[in-house]
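Dear colleague,

I am passing on the structure we spoke about, and below it you will find my notes on what came out of the analysis. Please read them with the coordinates open beside you.

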Amino acid sequence: MTEKQTTTSAAFFATLKRDLLIAFKKKNDIVNPFMFFIIVVSLFPIGISPESDRLTEIAAGVIWISVLLASMLSMDNLYRSDFEDGSLEQLLLSPHPLFFLVLAKNISHWLVSGLPVVLVSPLLAYMLALPEEAYGTLVLSLLLGTPIMSLVGSIAVALTVGLGSRGLILAVITLPMSVPVLIFGTLAVQSTLNSQSPLGYLSLMLVMLSVSVSLAPLASAAALRISVN
Amino acid sequence: MLDAIQFSTWAEFFDMGGYGFNVWSVYALFAIFVAINLIFPWRKKQKIIRQLKRRMTLDAEIQSEDDSSGD
Amino acid sequence: MSSAAPTTSSNFDTDKIMLTARELFCARDDRVLFKNLNFDLPEGQVLQVQGSNGSGKTTLMRILCGLNDSYEGSIKWYGQEIEDQAASFFSSLLYIGHRVGVSKVLTPVENLRWSCSLKQAVSDEQIMAALKEVGLRGFEESPCYTLSAGQQQRVSLARLIISPASLWVLDEPFTTLDTKGVALLENILQRQAHEGGSVMVTTHHSLSIPELTVLSLG
Amino acid sequence: MWVWFFKLGSPKWFYELSGKWLPWLIGAMVIFMTVGVVWGLVFLPPDYQQGFTSRILIVHVAVAGTSLAFFPLMFVAGTITLVWRMKLADMVAKHAAILGAWFSFITLATGSLWGSVMWGTWWEWTDSRLVSMLFQLFLLLGVISLRSALEDSDAAAKACALLSIVGCINVVIIKYSVEWWNTLHQVSSPVTTDASSPNGPEFWIATLIMIVAVYLFLSVSLILSTRNEILERERKAQWVQDLVLKS
C-alpha cells in the first residue's frame, strides 16, 4: 500500500492540473473578471478626463486598483465550488502537506486570473496614455504583485468559504491588506516616469512575494481547516 | 497653584486662544467616547443578569410542571 | 444525554484494533451531542452508526477523520495518537461525506484521477475498471452535471474500489442509491471486511453483512 | 509555572479576580482622568508655536498611542486561542476588536480636529500616521464583520484569531509602506515634523498622565465587556446561576 502512495509533488501537480481543467471548462470564471478589469479601466477616462496628460498621471494607479478589484472578484471561486461539492474535504484529508496543495490551487488561480490581466496591461496602459518607457516596469510590477494578491486574498477566501451569503465581506477583509502591494506597484511605475530606477521597489515586491509564498499558504491551510470544521 | 491657571475670565477659557471649537470638540468627543464605552458594558451587564434571572424562573416553572405532570 | 455502551468486547489483540475511541464528548452550541462514547473498531469489521436525526452521526464521522476538532476524549489509531502518525493515518483513511467530493464540471474519470491521486498513484485502466464495476460504463467521459445524484454517488463509490485504504468512513452512502446500488455497496463493504479492512458507516438501512456491529447514538 | 496561565484561562477564575481588581482600576482611572483633563484644559500653558491647540494633542497622542496596542493584543489573544484553545482569550479578542475600532476612530477624529488648525485641512493624506490609522480601522472592521458573519462561536473564534494574526502582520507592513510612500510625496506637504511636536516638559508630563489614564480606561472597559461575555457564554454554569441568584 505504501509503495503505491503518491509523492507530494505528484499530488501537487494533480491538483494544479485539475484546477486548470475546471477553469477551462468553466470559462465564465476566467472571462468575467478579465472583462471586468478592462471595463473598469475604460470607465476612468470617461469619468475623469480624456486629456492624455491627466490620464498619464493616474494610469498606473487606475490599472493597479482595477487589477485589485478584478482579482478580488475572481477569488470568490477559489474554494467555494470545492467546498460545496465536498472536494475540499478530500483535499484536507490528503496525507500530503496541505501547504503544497493550497499553493497548487493558488498558482492555478493566478495562472487563469492574474496572468491574463498582466499580459493585457500594456494595451490598457497605451489607452491611458502611459509613456512607453514605463510599460516594462508596469508589467514587471504586476507580475510580482498579482501573485501576492492571490496568495493573501486566498486567506480571506478560505476564512469565508463556509458563509452562505458572504456579500462584500471578502472585499472588506482583503482590500485593506493590499495597500502595501498597491503602494510599491504604483511607486515603481512612478519612479520610471521620473526617470529613476524602479529596481528598489521591484526587489521589495520580490521580497514580499517570497514571504507570501512561504507564509500565506500556511495561513490559508489553517483557515480552510477552520472553515470546514 | 492658582497662578498656573492660564485664564482670567470664563470667556477666555471657552475661547482657548481662538481655537475654542477644536479644543472643546476634542474633549467633548473624548468624554462621549469614554462614557459610552463604560456605560454600555455596565448597562449590558444589568440586562444580561435580568435575562438570566427570567430564564431561570421560567426553567424552574417548567421543571415543577414536568414534575407534577409526571406523577 | 446520549451515551452508548461499548458495543464490541475487547477480546481482540490490541494491535488488531484499528481505531479506539474513549470518553468522546461533543457539544455544539450548548447542546450535548454525545458524551462518554466508547467504541473499538477492529480490523475486518463493519461498524454501523445509528441514531435519530441530529444525534451527531455526521459530527462523529467528521471527528474521526480529523475534519472536526471540537471534541474531548481520545481517539487512537493502532493504540497511538493520530497526530503522531498523521501520514500513515491519512493514507489509510478514505472518507465519503454527504457532499461526495465529485466536481460537477469534470467527468467521472477526471474526478477520480484527482481524488485518488491525492492518496496513491492510479492508472486510467484501474479507473475505467472501477467505473465499469459501479455501473457507469458509457458515462466515463460525460461531465458529472449530466449525471443523476445516484450516479454521482456511484462515482464516489468507485473510489472505494480503487482505494487500498484500510479504514473507510462513509456518511450516508446509501441515500441516493437504487436497489442495485445498495446491493453493490453492501457487496463492496463485505469485500473490504474480508480483506481485513474496516468500515464505519452511517445509514438507516438495515445492512445484511455478517461482520456488522451496531453503535447507537441518542 | 504554567499553572497560573491555565488558571487564567478559566472564565470563572478571571471573573472573580477581575471583580477584585475592578474597583481599584476604576478608582485609578478616575483620578488620572480627572488630573489629566483638568491639567490639559486649565493649567497647561500655550505652546509657543501651536498656542492652545497643544491641548488637543494631549488627548490625541494618548488615544493614538493606545490604539497601537490593539493589534498586538489581538495577535497574542489569537495565538492563545489557536494554540491553547483558551476561551477567555477569544472573549477578550472579540471586545478588543470593537474597542480598537472605537479607539482608531477617535484617533482619526481628534487628529483631524487638530489638523484643521495646524494644517488648515481636516484630512491630510501626507500624514502617514493618520493614513495607517485609517487602514488599521478598516482591518479592525474586517475582523468585526467576520465575527458577525460566522454564527458558530467556535469557528468564529478561530477564524477571527487567524485574521487578527494576519492583520497584525499586515498593519506593521502597511505602517512602514505608508511612511515610505509619504516621504516621496512630502514635497507639497503642510506636515512638518517640528510643527507637530510641541515643546516643554509640562506638555509631556500631561501627556504621560493622559496616556496612563487612557490605558486604565482601556483595561476597565475591556474587563467590563469581557465579564459580560463570560456571563453570556457560561450562562449554563452553576457558578453563574448562583451569582445571578445572589444579585
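C:Leu93 has its bridge partner in β7(C), namely C:Leu167, and this belongs to the pairing of β6(C) with β7 of chain C (residues 167–171), which runs in the parallel sense over four bridges. Please keep in mind throughout that this is a predicted model.

The two strands are part of an open sheet of five strands in chain C, ordered β6-β7-β8-β3-β9 and paired in parallel. At the edges stand β6 (93–96) and β9 (212–216) of chain C, and because each has a single partner strand, one side of each is left without a neighbour in the sheet. Averaged over the sheet, and ignoring direction, neighbouring strands are turned by 15° against each other.

Helix α6 of chain C (residues 179–194) lies across β3, β7 and β8 of chain C, and it runs at about 145° to β8(C).

Turning to how the chains meet, 26 residues of chain A are in contact with 28 residues of chain C. On the chain A side, the elements that give two or more residues are α1 (8–25), α4 (77–85) and α5 (87–92) of chain A, and the largest share, eight residues, comes from α1(A).

Chain B has two helices and zero strands. Its radius of gyration is 27 Å, whereas a compact globule of 71 residues would have one near 11 Å, and its C-alpha atoms fill a box of roughly 85 × 25 × 15 Å along the principal axes. Of the 71 residues in chain B, buried residues make up 14%.

With best regards

Technical notes
Residues are numbered from 1 along each chain as its sequence is written. Chains are lettered from A and ligands numbered from 1 in the order in which they are written. This is a predicted model: local features need pLDDT of at least 70, side-chain atom pairs count only at pLDDT 80 or more; totals for chains, interfaces and linings use all residues. Two residues are in contact if their C-beta atoms, placed from the backbone, lie within 7 Å. The radius of gyration is taken over C-alpha atoms; the globule rule is 2.2 Å times the number of residues to the power 0.38. A residue is buried if 20 or more other C-beta atoms lie within 10 Å of its own, exposed if 12 or fewer, and partly exposed in between; C-beta atoms are placed from the backbone. Two strands pair if DSSP finds at least two bridges between them. Axes are lines fitted to C-alpha atoms, for helices over the stretch in contact, and angles run from 0 to 180 degrees between N-to-C directions.
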